[in-house]
Amino acid sequence: MDFFGQQSKVQNSSFVLLLMFFLAVTGLTFLVAWSVSVINNIVSLEREFLTLTPIGLLVAGFFWLAIGFGCFFRWLDVRGGGSRLAQRFGAVRVELETRSAQEKQLLAVNAEMAIAASIPEPSVWVMPYEHPINAFVVGGGDDIALVVTHGAINDLQREELQAVVGHEMGHIVKGDLAINMRLLMVLGGFMALTEVGDTLGENFVGSIFRVVGGICVFTGTLIRSAFSRRREFLADAMAVQFTRNPEAMAAALGRIRDHQDPEHLECRYRQELAHLCFYTRDKRNWFARKLASHPRIDDRIKAIDPHFAVKDRNRKRTDRSNQGGSEGSEQTIAANTGVHTGRSTADAVISHPGVQMLAGTMMMGAMDGNPDVLPQGAGSEAVCENGFGIVGDRMALMVPDAATSLAAIFALFASQDNRERMQYLNSIAFAYQQPFADKVAMLDKTLGADFRRDPLRVLQHASSKLRGDVQPQNRRHLLKNLEKLLEIEHETTVVNYACLTLLRRWLDAEHPVLSKVVSSGDIAANDAEHDKLKSGDINSIPASQIDTASKKTQGKKIPRLDTIGSEIGLLLSLLLEASGNRDERNLEDYRRVMLSYTSEFIPLRSQHEQGIVSQMKTAFEALQAQPVSVRQAFIEHCSEVIVSDFEVTQREHLLLTLFSVALDVDQPVPGVDASMSGERQAANF
Amino acid sequence: MSTGLIILFVLLAVIAYVVVVYNKLVSLRNRFKNSFSQIDVQLQRRYELIPNLVEVAKGYMKHEHETLTKVTVARNNASECAKAAAAQPESAGLVNALAGAEKGLMNAMGRFNVVMEAYPDLKADQNMQDLHAELTSTDNRVAFSRQAYSDSVMRYNTYREQFPANLIAGSFNFSEGDLFELQEEEARETMRVSFA
């Protein structure tokens, strides 16, 4: 491609777009001033009703003021260097002395591309939970942060990563960061107009503000998106200039296209970050494409390398013939499972022949329905009733390796209903192989009941085994398969959904810097708020004061919490239902906790309702949007509700874990920080 | 009065334009000079890596003393040449000497790589692997800095030769920037250093 020619072409047209943007802003305000003047003149019966009047100018001035304030607040939001912003979006800094080979490679690529672009090296950050391939740069001046998703450093070849990083360097060189930030600020100002309209309420003036704000935001978005699309082409051309490797750029885009992620990012900032990202999902219809921040991937590939499609097809064909017989991902994971069965079992036999034999006898004993064969004897069976004891021990013996762990996971999701279970096992046999399905069936028969009594323990154990032994992409395949399988059964139950979510989190948490994310990240940003809440620690205050205390600490937050009342009600009632007994005191707990969030009464919900799982998902999303202090408080409320009846069932524990994982909050240990539960609580553990 | 004023304005505009073009030429020239020094920085980086490599290899290659000595000598030679060339980037002779020394170093490294094939333990050594990754990246950086240099020279030359900047460049003695004429073949070879 002629990247120099492409660059100058794009640059000219993006100047026109910028001009249009500012013309639109001034034009709209003049229009407002003028139309208000006309109305004003007509009302006051002036003869020359086309002249500007002071009131018109005043209104226009007020508009400018509102836009200015909006800009200012948006600026407060995005100001500060790239490091702060990257941290806010949940990215983790890649240190020079990192151990991970992928991160080292990323650092090297960053240094190379900075040299090619003749700019100082930006700091490098990774978003550890993001599977989609993406990258963006934030910041300005000396503090620019290059943020790359985990998926990108995981799935891209070195040269492709170079191209992606080069694209971001192109954005830096061309000064897109500053322009984007400014446009973002102006858009924030427009949004302030609509907000002013909302505050003014359902009257004439309010609706004028809303309409004008809406038009402004719409035109602003339209122009900004058109601008942004041009700049993407420009940055692609820059990347090719830096790498002199158009094939790699096209290949990176092709890989993203084939990756087929449902979203360009998984985190909740994806809308906010869309304009900054390396790519966004292709939009289907014409109108959405006009508002899209990025051109279609195919168009970008075509601009770089018109013959990519042919080359790509040839490459894939050779790849396939090299692979030989294996076709499709299903087979790959099946093969993988097979390998692990062979190797891990062999390892186990070599290192612990005794254990393996013992496991064998236990399996037979359990199949005979004779629990006495178990070395722990009948006494531990009683512990098993309480949940925590025997399952763990037995897990370690019965599920010694990764392959068995996999089978255990599948067994956990097997249905109670005979017909459905058969269907489920058949589809496992179809997706993997018959021996594996047999293994699942046997585990289900022998341990299924135990598994279902304490799914949390099974998940923890199995995911720790799988994390060590199975490749990340295969783990992802496993999850995809599981999701597919569970859709075969009617509607997922709350428990299945919880297990799946936890499994996803635990299996994907392979990134070495995991713990750092939890401790820094957005918690740090909200630290002050969090401390404020902590000072009125909910559990140390007698129950009667909690309402007032939390109202006081959350102060001005109450109107916002009102909007998530129904979501909180839903989650809490699920939790109460899990405790098993729905008596008056439980209901009393529910009312008391709900009072600190919302004044209106939210009826109790049940897990047997239709579509409860999807409602739960939306509830999580709504709560995710709240600051971390609110989420933390909610989890603490939950744990308080759980321990208030002096008994923690497995389901309660499972749901609490799910809530805290889904809301990105540290999980409190039930019973430890609950002073009110007393000694009976301790006895139960 | 009006004619004089107009002439004055035109004169001012012309002067302003000349100043702008002159400044742009200066900044472009400095930019490409800076990218030349970047090449040197990256070359030095590689020269610093090679002794480490030799040090690690010594532990494994007891009987290849000659090969290692050759690498060290070639490296020292190239390093000297690079220093001399960096002091006087205009001198074609010094740049040519650097190119020759680089070639010698490449040959020695190539020999070293061939010998290393016989030492699987060395290839598996963690330090060696780290150094290998580092060296690959450094080679890339050398290539990229050369590329950035020629890009910036091209940008400067294009601007310098375009009308009306060429008039100003001519009268203020902005000479043409030299492209770094190290054959592309050799640069490619540099990138292919591999221990795999």
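How many residues does the contact take from chain B and from chain A? I count 13 from chain B and nine from chain A, with contact meaning C-beta atoms, placed from the backbone, within 7 Å.

Housekeeping: this is a predicted model, where local features need pLDDT of at least 70, side-chain atom pairs count only at pLDDT 80 or more, and totals for chains, interfaces and linings use all residues. Residues are numbered from 1 along each chain as its sequence is written, while chains are lettered from A and ligands numbered from 1 in the order in which they are written.

Back to the side of chain B that touches chain A. I find α1 (2-60) and α5 (126-161) of chain B each giving two or more residues; helices here are DSSP runs of H or I, at least four residues, numbered from the N terminus. α5(B) gives the most, 10 residues. By class I get three nonpolar, eight polar and two charged (nonpolar: Ala, Val, Leu, Ile, Met, Phe, Trp, Tyr, Cys, Pro; charged: Asp, Glu, Lys, Arg; polar: the others, Gly among them).

Next I checked α4 of chain A, residues 101-117. Its 17 residues should span 24 Å at 1.5 Å a residue, and the end C-alpha atoms are 24 Å apart, so the two agree (expected span: 1.5 Å times one less than the number of residues). After α4(A) comes A:S118, with a positive phi near 50°.

Last, I looked at α19 (418-431) and α20 (434-453) of chain A. Their axes come within 7 Å and cross at roughly 145° (lines fitted to C-alpha atoms over the stretch in contact, angles from 0 to 180 degrees between N-to-C directions). Among the residues making this contact I noted A:L425 and A:I428 of α19(A) and A:F436 and A:V440 of α20(A). The classes are seven nonpolar, one polar and no charged.

Methods: Contact = placed C-beta atoms within 7 Å.
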